[in-house]
Protein chains: 2
Amino acid sequence: MSVTSAKGFQAGGVAAGLKPSGDPDVALIRNTGPLDAAAGVFTTNRIKAAPVLWSQQVLKAGRLTAVVLNSGGANACTGPQGFQDTHATAERVAERLGCGAADVAVCSTGVIGQRLPMDALLPGVDNVVESLSDDGGEAAAKAIMTTDTHPKTTTVQGAGFVVGGMAKGAGMLAPALATMLCVLTTDAVADTDTLDAAVRAATARTFDRIDSDGCLSTNDTVLLLASGASGTRPSAEELEAAVTQACQDLARQLIGDAEGASKEIAIRITGAASEQEAVTVARSIARNNLLMCALFGNDAYWGRVLAAVGTTDATFDPDQLDVSFNGVRVCKNSAADPDAPEVDISGRDLELGVDLHAGNAEATVYTNDLTLAYVHENSAYTS
Amino acid sequence: MSVTSAKGFQAGGVAAGLKPSGDPDVALIRNTGPLDAAAGVFTTNRIKAAPVLWSQQVLKAGRLTAVVLNSGGANACTGPQGFQDTHATAERVAERLGCGAADVAVCSTGVIGQRLPMDALLPGVDNVVESLSDDGGEAAAKAIMTTDTHPKTTTVQGAGFVVGGMAKGAGMLAPALATMLCVLTTDAVADTDTLDAAVRAATARTFDRIDSDGCLSTNDTVLLLASGASGTRPSAEELEAAVTQACQDLARQLIGDAEGASKEIAIRITGAASEQEAVTVARSIARNNLLMCALFGNDAYWGRVLAAVGTTDATFDPDQLDVSFNGVRVCKNSAADPDAPEVDISGRDLELGVDLHAGNAEATVYTNDLTLAYVHENSAYTS
């Protein structure tokens, strides 16, 4: 049910002609209130797309009436004109909805470095406003897809309130915010500070823990809008839990649909001195091309796991590492486990475990294998 | 002419049966003096192979009589038994040459996590000692190949002295020491401290500046041995220059033969606030899978270059970056250069330039594209 699962939201998606395929490429989400509190997190890449710069600015007021999103172009590295294009898009939405441009966030995704065709986009905005409906969440989720093979949506039922959401993302998935656009809606009664805390805590342990290909995008955006339409004011903890659940659901859907992937890999680090060190080790493993090729070949090559762990400065004794695949320990004390049975890693889901024997902290990072299809898809993206 | 280009060295290479293919897999280099000064640098991976731990230890004395190398097995992650195997190999060389085991460095390369078949390796040591000759450098260079398609050797003529060398390496090429074994020899008269300074300075600007796939190995080793047989004592600067030239020649050969690569890419960062920042930016670009796939597809996708630059903390204004391919500026002030002609990047050699406009420092890092052949080769390495 997507972003319209929560009361107080309308959504829509239309084809404006930004994509050569003619598929839907403009989405709109409108908060009909009574509240209009909002918060968001953005890419940490220093090269930020125009819509990211715009949305960061308007979110400072902690309020949003609408979010307009387009696929078919990232509007990144497009100079001052690109920023004007974003501004003009927000202005057009504002005119049609009767609010101010500063009440409208903008998200874009697609190829970097090309300006958006505004003569197609602005009429698309008019059309998407016309298409707004109480059950338009699915249409909106479809319109933000790029190389995604299916729309990603979620609905989490809280005690008297709902969190709904949609996301897109299939490549450039890493590291601090997997590359993606995500809009979350809730009919809970909540102020901006509570929403801000919830979205930061939720993304830190979900989207920040998926690392498909180590590439950080210029456009990553996660927005959380509250309408208050349920009349229920959950505690901060309740709200954070529901938002986290929604983010985790969407994050797993992103990894499940990552470009060319043949495996969904959970890298679980245990025995770490701290949670941060566990994440560091897991990320190093997730980004090791040689290992990710081996896993694509169904080769449980634990030696490359250790080689990746050894590049980090995490706390561990180089002679005391254990590695397991799907729960079968294949490496004990940093050498082959002589008692290990043959391990089958031919399935799509794989759990790769490393015990650092350095403490009690743990963390899991989700990634994908490096496949022929990934290289093929990404060698022919703009052309 | 390899390691025997310099006077005072013998070398040989034989097939001991470590490789299923039956190709040569054991090499030996002997310093016949009159000097036996030596220095070396090793992988910074905290997971170090047994031969690395051994060679680091014996090199503390600053002297080496011989270096024995094997392909067909890395002897990494093999526990205390693995270290004993390295020790036994050095002992066998020492017995046959009439020196001490502590005068013998050991290098290994191949699959991680499996013990070496000592019943094949030790007779191989006997045979390679028998094969030693004044022109055995080529045979030695062949015996250390793994996925290399050809042996890599070099000879640099100094003023009255020679630096010879051999190297292997085609994958796991990064970052601080591209993954590799390299033995350099010189007939110059030089003490250990001078050799140590020369090999550190030379590798820092050559092997440390190639980054094929971002994967740091457990076995990287660069050794420099001096026989003094020329009777010439070059200045420290002269020696460093010759050793650097030899390393640069071998480093380029490694990139030229990297697994599955279809391009040799020089990433040249100019306008950096410091040389170190230039290297950081170049390395971030070299490791961006999405960009390296695009280049494989002959797509001059400069937007992914900027996305990679933006993940670093180097000094630059996000709105002031220029990008060029083969000297053609395609991006100016972080946006498409409207005056840029079509650029052809279909050749094997590619120069990718980024001007940070933040200072006068520069650096070049060499890398390869990410290809279908790379994934194919590395998905079927141990099996």
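Which residues does A:Thr146 touch, not counting residues up to four places away in sequence? In this predicted model, they are A:Ser71, A:Thr109, A:Gly110 and A:Lys168, where contact means heavy atoms within 4.5 Å. A:Thr146 sits in the loop that runs between helix 4 (137-143) and strand 6 (152-157) of chain A; helices (H or I, at least four residues) and strands (E, at least two) are DSSP runs, numbered from the N terminus. With a relative accessible area of 25%, A:Thr146 is partly exposed (buried means under 20% relative accessible area, exposed over 50%, partly exposed in between; 1.4 Å probe, protein chains only). An unreviewed UniProt entry carries the annotation "binding site" for A:Thr146, along with A:Lys168, A:Thr179, A:Glu259, A:Asn378 and A:Ser383; such annotations may be inferred rather than shown by experiment, and their positions follow the numbering used here, with feature names shortened.

As a guide to reading, residues are numbered from 1 along each chain as its sequence is written, and chains are lettered from A and ligands numbered from 1 in the order in which they are written. Local features need pLDDT of at least 70, side-chain atom pairs count only at pLDDT 80 or more, totals for chains, interfaces and linings use all residues, and side-chain values use heavy atoms, with hydrogens and water left out.

Two arginines of chain A come next. A:Arg209 belongs to the loop between helix 5 (192-204) and strand 9 (221-226) and counts as buried, at 12% relative accessibility. Its side chain makes a polar contact of 2.8 Å with that of A:Glu275 (a pair of N or O atoms within 3.5 Å; within protein, one must be able to donate a hydrogen and the other to accept it, and residues adjacent in sequence count only if both atoms are side-chain atoms). A:Arg283, in helix 7 (residues 275-286), is likewise buried at 15% relative accessibility, and its side chain reaches the backbone oxygen of A:Asp208 at 2.7 Å.

Turning to the interface, 53 residues of chain B are in contact with 52 residues of chain A. The area buried between the two chains is about 4,100 Å², of which carbon and sulfur atoms give 62%; this is the accessible area (1.4 Å probe) that two parts lose on being put together, summed over both. Between chain B and chain A there are 13 residue pairs in polar contact (both at pLDDT 80 or more). Helix 8 (289-296), helix 9 (302-309), strand 13 (335-336) and helix 10 (372-378) of chain B each supply at least two residues of the side that touches chain A.
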